[in-house]
Amino acid sequence: MDDAASRTSPATTRPIWKRPVSRRAVLATGAAGATATALAVLWKGDALSQILDRVRDLTHAYQGALNNERVRVAHLLRRAGFGATAGELDRYLAMGTAGATQVLLDYPKTSNASLDAALPAVDPSGGRGAATVAAIQGWWLQRMVETARPLEEKMTLFWHGLLTSGLDKAGPAQMFTQNQLFRKMAMGNFDDLLKAISKDPAMMIYLDTETNRKGKPNENYARELMELFTTGIGHYSEDDVRESARAFTGWTLQGSQQRRLTTDSVFVPRLHDAGPKTFMGRNGNFTGDDIVDMLAPLRVTAERLSTRLFSFFAYPNPEPEIVHHLADTFQKNRYNVGAVVREIFAMDAFYSPKAYRALVKSPAELVAQTLKATGADAKGYVAAATAMAPMGQVLFYPPNVAGWPAGSSWINSSTLLTRINLANSATQRMRTALPTQSLDNLTRTLVDGNLSPSTKDGLKAYAAAHPGDQAGLLFMVLATPEFQLN
Amino acid sequence: MFSRRDFMRQGLLPIFAGSAVPAVFANGVAAAAADSPKATPSDRVLVLVQLAGGNDGLNTLIPFQDGAYHDARPTLRQDQGVLTLNSQLGLHPNLKGLKASWDAGQLAIVQGVGYPNPNLSHFASMSVWETASVRGGIGDGWLGRYLNYLDQVGESPNHALEGVSAGSLVPPELRSKTPVTALQSLRTFRLQPVNEHGTQVDVENPLMKFYSAFKGAGPAPFGALLDTTLQEALQASHALQATDATYVAKGTYPTNSPIASALKLVAETIVSGLGVRVAHVTLGGFDNHAREKPVHDKLLLDLDQALTAFMQDLKGHGLDDRVLVMTWSEFGRRVKENGSAGTDHGTAAPMFVLGAPVKGGLYGQQPSLNDLDNGNLKFTTDFRSVYASVLQGYLKAPASDLLGGNFEILPLLKA
């Protein structure tokens, strides 16, 4: 490839996230002539097993998949959103990777009118269309599948997994309200979001700030704000926990409704401990906002959030140089989250072999992409959202305040059977409505047309043995190991 | 030498077809049908019950005569109905089943369990308990190391039901190279066939082909995980389906109680002779910084009823001498209640060790309520001492090797 040939400057002169793809990956995408040359080179220098390894890579083109623009755009849509239908993929591909990235990032410019028209009404204040657990779960899953702004939903899911609250304590109307807050502030400044979430009713109930009163401090929120939301463990003392708990006093739930129905909060000065506090070595009559203003600028906060975002979008355990660069970006842009996300999508590391299929689809990603492939009606969204529980992810109900552990923990014997069975029930549910598509088209849309030889052979054999069974064939594609990865 | 597990991991195990039960399971069923006295130490089962969120130890094993307890807990103290164990201590009023086990000499309570320099983070402290290392981290779990040990000494049943977790996650205590099965219900633990115009098409064999060669296709880190997981899942699924019909519960499990359902599932796998060695269930909801009392009362009631049914069930099946239950929680709670009628994160708390193999009684020392560290109890027994006692006294495994140190062995167990 010409592009690859031009990128031969020594790796050390470029930051790691801008380095060329590995030699093996470049070889893997080469034309037939290049393949032959490479084979000849390998034959001289390597043991037979290594040669066979590389032949397999060359023929399978697995690691080099991201050098194909269609695969790059599909990868981008899986990471920045919840995958794509064939039509969506074509539309973004026509913009090119750079253009598609721009459109995804600048999502406020994209109208979501057709989604808004399709969504069921959810009324957090009660009455008709009142927010029930099933209603808000189906509502959010439908958003993930049908939105014209995939990154907005993906970031909302990111925040739900970091700044956690859950239905085990908060009510569904409160979780709905919090979800809208995440959506509104998804790509804004982190300190603004932290100040808002500190006063969010679902969070106030989940981490007990609603009962945190002058003279009766409750440490729950203050501790998790530092341990999980900002600095991480090891960067604060038990005294910092106790003192900042005092600073967060004063906010309480508004109105006379039952606490799990209240979706507004209010500051009551007489409940606030306005006295002097010592926090991280500084003295003052701090409020909760003051505490956030001291936590957001910390380098450890920048590094931790950067690591979390990169691991969510690209691959886990990013190199220190990458974290350093993203943390700089965060700090130079007044703690702006959108700036960090934009930078991640611009990194070559995001399209490196290390990033390709380097994440396990979370149940939300798996189910949303499955429903993009099968289509769904309103009942289908609720049913699919409910079916996520045995996969280990219930929307609005994280397992604990640390959110979902992700990665390999999504896959165990029980969840894997459930994931495959969900694909089966989703395809059967829509079997009469499925358009006829060839196996090639299905795999191009859903798994980059990039399959292991045995998967490819197995799918062909299934298609040959069950002609006309569109639902069965689609199921088989959704049940592949390739589709389990993102 | 290759163990059977190595073959399975490398995809060398032949794919078993249809509903045939692999020989190892057939043997397991036969072994279970035989009398349990013949059981070797490695046939013993340890069931861990995790009380997630930090159980309030002071309102579980209650120092009801201590004025300091009443002073520290103006709204949360248990004034009435404490089930007395001696002149100073009693169980929470809702732990009636555990009290009956105590009376029968089948409940050991280790007091004041904790570790040095306690960490008040849920997750850091859980990690300490899960790895049995005060540094925590992502290494193998302490029971995962036990499963590895069984494999090394040739005592492993070598299949995916050796370690069972009732839930959607494999808990870090069981993390190791040994496969562990997460189970949520036997009914759903199978691959559904495809319905092709009314005909059921079995998809197991074609899918097994995808999942036996994906690792070799060179993808990122998860290829091997996906391959072995589906193989282990189907192996376990076949075994479970083959025995599902035969189990009849011999204890009365409460309905609408997730912890009861989880323990019933564990009982079923044990009773069915599937070779379970360690099992894990979780009861969550203990992190009560506010309005603790009604929540905690209900949690202990659910725990007690579920454990009671579980012990009855095993006894009814003649397996009670082969099963030991141990509870743990990442920490106890602050001695003094907070202003929200709740308690903040604390330190030491009691552990329950329950079952016919136990020598009932109180072990260790009740921590003082007047000699606190930043408002928290000072621990009196290291949790690894309890682990060591169970590993050595019950599972007959080399505790100091598995825990990376020597810890005092408490005489919790019958010889």
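**Entry 1: the core.** I looked up the largest nonpolar core and found that it has 254 residues. Such a core is a set of buried Ala, Val, Leu, Ile, Met, Phe, Trp, Tyr and Cys residues joined through C-beta atoms within 7 Å. A residue is buried if 20 or more other C-beta atoms lie within 10 Å of its own, exposed if 12 or fewer, and partly exposed in between, with C-beta atoms placed from the backbone. Among the residues with the most contacts inside this core are Leu141(A), Ile344(A) and Val390(B).

**Entry 2: the model.** I note that this is a predicted model, in which local features need pLDDT of at least 70 and side-chain atom pairs count only at pLDDT 80 or more, while totals for chains, interfaces and linings use all residues. Residues are numbered from 1 along each chain as its sequence is written, and chains are lettered from A and ligands numbered from 1 in the order in which they are written.

**Entry 3: Val390(B).** I set aside neighbours within four places in sequence and found Val390(B) in contact with Leu46(B), Leu324(B), Met326(B), Val353(B) and Leu395(B). Contact requires C-beta atoms, placed from the backbone, within 7 Å.

**Entry 4: the two chains.** I found 49 residues of chain B in contact with 54 residues of chain A. On the side of chain B that touches chain A, α8(B) gives the most, with eight residues. Helices (H or I, at least four residues) and strands (E, at least two) are DSSP runs, numbered from the N terminus.

**Entry 5: α8(A) and α20(A).** I examined α8 (residues 133-146) and α20 (residues 378-386) of chain A, whose axes come within 8 Å and cross at roughly 105 degrees. Axes are lines fitted to C-alpha atoms, for helices over the stretch in contact, and angles run from 0 to 180 degrees between N-to-C directions.

**Entry 6: α13(A).** I found that ten of the ten residues of α13(A) (residues 220-229) are buried, so this helix is largely enclosed by the rest of the structure. Arg223(A), Glu224(A) and Glu227(A) are among these buried residues. They pack against α9, α11, α14 and α15 of chain A.

**Entry 7: α22(A).** I listed the buried residues of α22(A) (residues 439-447) as Leu442(A), Thr443(A), Thr445(A), Leu446(A) and Val447(A).

Methods
Two residues are in contact if their C-beta atoms, placed from the backbone, lie within 7 Å.
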